[in-house]
Structures are given as structure tokens and as C-alpha cells.
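This report describes a protein fold from its strands and helices down to single side chains. Please look at the structure before reading on.

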Amino acid sequence: MPILEIFLKYIGTLCNELKDDTFAFMLPSRLAISHNRNYDQIQEATEYMADMLVANKSKRFILAPYIQDDHWMLLLFCLYESVIYVFDSLRKERKIRLTTPARTAFKLYVPEGGLRNNRKEFLWHHTEVQV
């Protein structure tokens, strides 16, 4: 298991022990989609995202470290607002391979009581990161 995932699990456990219901964390290995967009990877990422959204619908934020084309970025799912913020040090807007899986996961999440506004899908917002 990669060290980042061990750290995320530790932080999740710490949040639970401190009774902090604000955050949840997605594991980057479960979100990986290769550049050739392998169907099995897309399906697995979609199912994982949907499961995480439903399981954590009472949380305010889900943090998801994400790697695409050998570059790390951070996705911040703001569940109350149905917005995904993309924190990317390359400072350019790019097509995120998780866009379609996130759209599908959102459609599975809404019937489970996850909708907190009138959006039909997540709004993506690319945020400039100061390095």
C-alpha cells in the first residue's frame, strides 16, 4: 500500500477519533484511469466514487489526491455545494479523466439522499495554486 494511502487512512481514523464529521478521504489508487481510458478502470473508479459519496453523504468535504499523466493534483469534493475544486500546480485547465465517472457517481449518489442543492451534476472549478 502506498505511503499516501496509509497517511490518508490514518487521518481518516484520527478525524473519527476526534469526532470530526467534516472530512472524508478517497484513495488515489481507486481513482486511477490510464491515458487509454481502460473501461474496467473507469467502471471501478465510478463505483468507488459512488460508494464513497453515499457512505460519506453527511460529510462536508471529501479530499481525493489524484494522479493523471504522472502529475499529482488534489480534488476537493464539496458535497453541500456539489462542486469539485481542482488544485493543480500546473496552473492550467485540463480535461480531468474523472469527469465522466464523477457525473455517473453523482447520479447514483443523489437518490441516496446526497443532493443538497438543485445541481444535476458536480460543477468543476479549477483553482489556481501558488507554488
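This is a predicted model: local features need pLDDT of at least 70, side-chain atom pairs count only at pLDDT 80 or more; totals for chains, interfaces and linings use all residues.

Five strands make up an open sheet with mixed pairing, and their order is E1-E2-E3-E4-E5. E1 and E5 are the edge strands; each has a single partner strand, so one side of each lacks a neighbour in the sheet. From one strand to the next, the twist averages 25°.

## Strand E2 and its partners

Strand E2 covers residues 61-68 and is mostly covered, with seven of its eight residues buried. E2 runs parallel to strand E1 (residues 23-25), and three bridges join the two. In this pairing, Phe-23 stands opposite Phe-61 of E2.

Ile-62 has Phe-77 of E3 opposite it.

## The turn between E2 and E3

The hairpin of E2 and E3 has two residues between the strands, and Asp-69 takes a positive phi near 55° there. Asp-70 also lies in the loop between E2 and E3. Is Asp-70 buried or exposed? Its relative accessibility is 76%, and because the cut-off for exposed is over 50%, Asp-70 counts as exposed.

Asp-70 and Val-83 are separated by 13 residues in sequence, and their C-alpha atoms are 24 Å apart in space.

## Strands E4 and E5

Strand E4 spans residues 83-88 and runs parallel to E5, to which six bridges join it. Within this pairing, Tyr-85 has His-125 in E5 as its bridge partner.

## Helices H2 and H3

Two packed helices are described by the angle between their axes and by the distance between the axes. For H2 and H3, the angle is about 40° and the axes are 8 Å apart. An angle under 35 degrees would count as roughly parallel; H2 and H3 are therefore classed as oblique to each other. The crossing in which H2 passes H3 is right-handed.

## Aromatic rings

A pair of aromatic rings is described by how far apart the centres are and by the angle of the planes. The structure holds four aromatic pairs. One of them is Phe-77 with Phe-122, an edge-to-face pair with 5.5 Å centre to centre and 85° between the planes. This pair links distant parts of the chain, 45 residues apart: Phe-77 belongs to strand E3, while Phe-122 is in the loop between helix H3 (99-109) and strand E5 (123-128). Phe-77 counts as buried because its relative accessibility is 1%. Phe-122 is buried as well, with a relative accessible area of 4%.

What kind of pair do Phe-106 and Phe-122 form? Their ring centres are 4.8 Å apart and their planes stand at 65°, so this pair is edge-to-face. Here too distant parts of the chain are linked, since Phe-106 is in helix H3 and Phe-122 is in the loop between H3 and E5, 16 residues apart. Phe-106 and Phe-122 are both buried. One aromatic cluster is formed by Phe-77, Phe-106, Tyr-109 and Phe-122. Phe-77, which takes part in this cluster, is also the residue of E3 that stands opposite Ile-62.

Notes: Residues are numbered from 1 along each chain as its sequence is written. Side-chain values use heavy atoms; hydrogens and water are left out. Buried means under 20% relative accessible area, exposed over 50%, partly exposed in between (1.4 Å probe, protein chains only). Helices (H or I, at least four residues) and strands (E, at least two) are DSSP runs, numbered from the N terminus. Two strands pair if DSSP finds at least two bridges between them. Rings of Phe, Tyr and Trp (its six-membered ring) pair if their centres lie within 6.5 Å; planes under 30 degrees apart count as stacked, over 60 as edge-to-face and the rest as tilted. Axes are lines fitted to C-alpha atoms, for helices over the stretch in contact, and angles run from 0 to 180 degrees between N-to-C directions. Angles under 35 degrees count as roughly parallel, over 145 as roughly antiparallel, 65 to 115 as roughly perpendicular and the rest as oblique. A crossing is left-handed if the near helix is turned anticlockwise from the far one by less than a right angle, and right-handed if clockwise.
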